[in-house]
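Have the structure open as you read.

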Amino acid sequence: MTFEELNSMITSLSSNPNLDFFVAGYSTLGNPIYAVHLGTYEGKQILIEAGIHAREYPSTLVAIGMIEYMTTQTLDGGVYVIPLSNPDGVKIVLDGLDFLTCQKLREFLLNVNDNNLDFSQWKANAMAVDLNVNFDALWGEGTQNVFCPAPGNFVGYYPESEREVRALIDFSYRVQPDLTLSLHTKGDVIYYGFELLTAEELERDRILAEYISTINGYIPTKTVGSVGGYSDWASEYLKVPAFTIELAPATAPTPVPLEYVQPAIEKNKDVPSLLLKKLNENQGE
């Protein structure tokens with residue numbers, strides 16, 4: 001798969017009359033970060049983001065499949081989806097560095113990748129920053145964080161330094177979701193429970209994680225030692241339930257082969273609509 005093919009799958013969604021398609025922001029290299037909205041703008045809203053780790057681009061394909069499925073459903077509220085949060089990084093993984101016109105940037109990225117032209121394991125953006133540890137939510141306190149440019153886990157030089165992170169934050173503040181889902185690979189796990197949550201908030205999220213598990217069969221797991229991600233930020237600043245769903249079995253190779261995409265779509269396609277119903281039920285209690 002090439003980046004052009006993946007991007008075309010996203011932009012082709014714009015022709016579907018059952019959703020709204022727009023640009024949520026732009027990447028460091030100027031690539032659009034697309035978003036869609038399904039359902040109504042009234043009532044509870046869920047925000048789904050995928051593709052924030054470059055090598056986890058199959059999560060983008062799962063998000064696209066979920067979008068296509070949701071256009072055939074009646075939603076009790078609305079769902080925003082950002083299928084590809086890190087377009088620059090995914091382009092590097094799929095296409096290599098030849099597309100870059102800046103020789104110094106090519107040399108920098110090649111050096112960070114230990115002079116290896118194979119970028120299939122790259123998690124970061126075009127600045128060698130791991131976007132999912134760049135949010136100002138216990139920034140730099142993760143057990144796997146590194147503090148120098150790297151293919152993954154580099155927190156950046158300061159919190160929210162990256163254009164993609166700021167785009168996600170600005171978009172989230174604009175739409176004010178009631179719950180967020182971050183799609184990653186891999187592990188068949190539902191992570192919940194940012195470290196700064198109150199006991200009441202943690203219990204709320206545990207119950208919802210267990211509910212998600214009844215839909216997709218993944219294992220609810222309390223997050224330990226992982227901070228600075230979008231779910232952590234949403235928990236702290238939006239004060240809403242926020243979950244990271246790890247698609248595909250832990251035994252799958254990295255990047256996850258495309259044969260795992262359709263099974264992940266089937267397991268997760270009803271998660272947003274059923275969560276909307278659950279949120280509405282909880283509101284009525």
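A residue counts as exposed when its relative accessible area is over 50%, and as buried when that area is under 20%. Keep in mind that this is a predicted model.

Most residues other than glycine have a negative phi, and most peptide bonds are trans.

| Spot | Feature | Value |
|---|---|---|
| Asn115 | positive phi | about 60° |
| Ala248 | positive phi | near 80° |
| Thr185 to Lys186 | cis peptide bond | omega near 25° |
| Thr254 to Pro255 | cis peptide bond | omega near -5° |

Take the positive phi values to begin with. Asn115 is not a glycine, yet its phi is positive. You'll find Asn115 in the loop between α4 (103–112) and α5 (163–175). Is Asn115 buried or exposed? Its relative accessibility is 56%, so Asn115 counts as exposed. Ala248, another residue other than glycine with a positive phi, sits in the loop between β8 and α8. Because its relative accessible area is 6%, Ala248 is buried.

**The nonpolar cores**

Which residues touch the most other members of the largest nonpolar core? They are Trp122 and Leu181, in a core of 57 residues. Helix α2 (residues 58–70) supplies the largest share of this core, with seven residues. If you click on Leu181 and skip its neighbours within four places in sequence, its contacts include Ile46, Leu47, Ile48 and Glu49, along with Ile212, Phe243 and Ile245. Val271 and Leu275 are also in contact with Leu181. There's a second, separate core of 26 residues too, with Leu168, Phe171, Leu197 and Val227 among them.

**How α2 meets α8**

Helices α2 and α8 pack with their axes 9 Å apart, at an angle of about 45°. That angle is why α2 is described as oblique to α8. The crossing of α2 and α8 is right-handed. On the α2 side, the contact is made by Pro58, Leu61, Val62, Gly65 and Met66, while α8 brings Val261, Ala264, Ile265 and Asn268. What kinds of residues make up this contact of α2 with α8? Seven are nonpolar, two are polar and none is charged.

Methods. Residues numbered from 1 in each chain as written. Predicted model: local features only at pLDDT ≥ 70, side-chain atom pairs only at ≥ 80, totals over all residues. Heavy atoms only, no water. Helix = DSSP H or I, 4+ residues; strand = E, 2+ residues; numbered from the N terminus. Buried < 20%, exposed > 50% of the residue type's maximum accessible area, 1.4 Å probe, protein only. Core = buried A, V, L, I, M, F, W, Y, C linked by side-chain atoms within 4.5 Å. Contact = heavy atoms within 4.5 Å. Axes fitted to C-alpha atoms, helices over the stretch in contact; angles between N-to-C directions. Parallel < 35°, antiparallel > 145°, perpendicular 65-115°, else oblique. Left-handed = near helix turned anticlockwise from the far one by under 90°. Nonpolar A, V, L, I, M, F, W, Y, C, P; charged D, E, K, R; others polar.
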